Amino acid sequence: MSTDPAADHADPGENHAKLVARLFREHNEALISLLALRLNSLQDAKEVAQESYVRLLQLDRPGAPSLLRAYLFRIATNLAIDRLRQRTVRWRSATAVKAELFESFTPNEPERRAVARDELEFVRACLHELPDPCRRAFWLHRVEGQSVSEIAIELSVTERMVRYHLGRALIYCQLRLGGACAEEAKGRLKL
Amino acid sequence: MTDVHACEDPELERMEQAADWLIRLNEAPGDESLVSTWVQWCDEHPENLAAFRRAQAAWLAAAPRDKEVAVAGKPSEPVSTPERRVRGTTVSLRWATAAALAAVAIVGARLAMLHGADAGLQSYATPVAGSGSGVLPDGSKVELGARSRITTQYTAKVRGVAVDSGEAFFTVARDPARPFVVTAGHVQVIAVGTAFDVRRDDDRTVVAVTEGKVKITRTEPSQPSPENTESAFFVPAGQEAMISQVSPRVAVVPLAPPDEAYWRQGVFKYMGEPLSGVVSDLNRYSGRRIVVTDPKLRELPFTGTVFSGRIVDALHAFEDVFPLQVIERDAEIELAPQRVSSSANR
């Protein structure tokens, strides 16, 4: 597990900063992607990622370089959990609520929202084109927020099958969003 | 990914892998080893992460967080789920905040079916990474964390709420004649007029009280009597009780301060992290070295929050949820197996 703490101090802080910079170069995209998945928001993901690097830089005893990557992802996951908690209003003050309400009303937001709304309508329309179990699994998971295990029970299939359906539905929507017509997308997925 | 057609269509194969990763990562937010293998996969080919991000774009498009984005009025439900026809689909909910609420799905009837079509049962749920709030029929307010679900069952005598999964914060409307009873696993929380948070994991329930006070009882599955006065206790405002499913002991600790400052101190949050991993983190901050040698203890999964400024407190809190004892020495702190009934402990 942990080595002699004195050994950690043998590495000057400069070295640590270099390691963090390298982590940033190599894994920032992946980190933001993962955080966006957790937080359902790219903006929040970027903020949390940034905070994670800061936290990583501030460690007094950063530990073995080989563990740094795992540590970065753990810090980020912790911060993401914190942020999700914040959203639950557990500690939310009136100002925070207001900030959240108005954060999306910055000048060029209407346009982005319009695009997102179109996409949403399009994706939901695409779901209609899918075979029933596939469509239901995706709807229950993505819109109603049910877990894979819950859906497995509801649809009386294995969890593996639920994941399979979810994957198919997701790829189908991707293909359709990417410009394929229903026949093309179905043909490619052999639906 | 062993689909027959995969070899004919390498791009599709990559999409399938990306979708599979996305679904699995989304299912297990706390799984570090999964993240680590996923990062490896991303490193394997420059196209992998790009494919993942494209999958993610479609994933987000299907259920955006922003309320304004949502299709106005009724959700364009493409599935005619049979449960929807049951009455009481709770149209009267007045949602209090804008964030993420459009995506909040109300699935009461599904549970009503499971429990034998009781019209008094309603359930509220939030989607993955969403949150929502609403007003319950008695005027009490509830805020739901991400991927959380509660079920209400109100009768003339009692306002019953079950936290099925996740986290819920309640601001209870005063009604002394009709107690507000929240059930989370084997834990029952009884409130009259108060505000508290119930967080439910697989192996434990955390009740954090911000106003008033609550009474907590444990209902063991083996003894179905709803009220066991011997195990009842009160938790006042500003305190948080952690009730483990496996240990009869309960830890009551002060709530973390509500300000932003504590983010800056080291705060570690874990979901199912082996104790050895937690300890190795804490050793970065602890003046005295923390040692756990017992292999069984090292494997115990820990879920919760540790503040780097209060490590010793945290270790003593471990005594309450794990079968271990803290032995403090000059140079080190040892977490040793509990001596009493060591054979009976897992």
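Analyst: Helices (H or I, at least four residues) and strands (E, at least two) are DSSP runs, numbered from the N terminus. By that rule chain A has ten helices and zero strands, and from the N terminus on its elements run α-α-α-α-α-α-α-α-α-α. This is a predicted model, in which local features need pLDDT of at least 70 and side-chain atom pairs count only at pLDDT 80 or more, while totals for chains, interfaces and linings use all residues. Residues are numbered from 1 along each chain as its sequence is written, chains are lettered from A and ligands numbered from 1 in the order in which they are written, and side-chain values use heavy atoms, with hydrogens and water left out.

User: What makes V253(B) count as buried?

Analyst: Buried means under 20% relative accessible area, exposed over 50%, and partly exposed in between (1.4 Å probe, protein chains only). V253(B) has 18% relative accessibility and therefore counts as buried. V253(B) lies in strand β13 (residues 250-254) of chain B. With contact meaning heavy atoms within 4.5 Å, V253(B) touches G238(B), Q239(B), E240(B) and M242(B), not counting residues up to four places away in sequence.

User: What makes a set of residues a nonpolar core, and which residues touch the most other members of the largest one?

Analyst: A nonpolar core is a set of buried Ala, Val, Leu, Ile, Met, Phe, Trp, Tyr and Cys residues joined through side-chain atoms within 4.5 Å. The largest has 73 residues, of which L35(A), L56(A), W38(B) and F52(B) touch the most other members. Its largest share, ten residues, comes from helix α2 (residues 13-39) of chain A. A second, separate core of 25 residues includes V142(B), V161(B), V187(B) and A191(B). In soluble globular proteins, nonpolar side chains tend to be buried together.

User: Why is the pair of W38(B) and F52(B) called tilted?

Analyst: Rings of Phe, Tyr and Trp (its six-membered ring) pair if their centres lie within 6.5 Å; planes under 30 degrees apart count as stacked, over 60 as edge-to-face and the rest as tilted. The rings of W38(B) and F52(B) are 5.0 Å apart centre to centre with 55° between the planes, so the pair is tilted. Both residues, W38(B) and F52(B), are buried.

User: What makes the pair of F170(B) and F180(B) edge-to-face?

Analyst: For F170(B) and F180(B), the centres are 5.6 Å apart and the planes stand at 65°, so the pair is edge-to-face. F170(B) lies in strand β5 (residues 159-171) and F180(B) in strand β6 (residues 180-184) of chain B, so the pair ties together parts ten residues apart in sequence. Ring pairs link F170(B), F180(B) and F196(B) into a cluster.

User: How do you know that R24(B) lies over the face of W21(B)?

Analyst: A charge sits over a ring if NZ of Lys or CZ of Arg is within 6 Å of the ring centre and within 35 degrees of the ring normal. R24(B) lies over the face of W21(B), at 4.9 Å from the ring centre.
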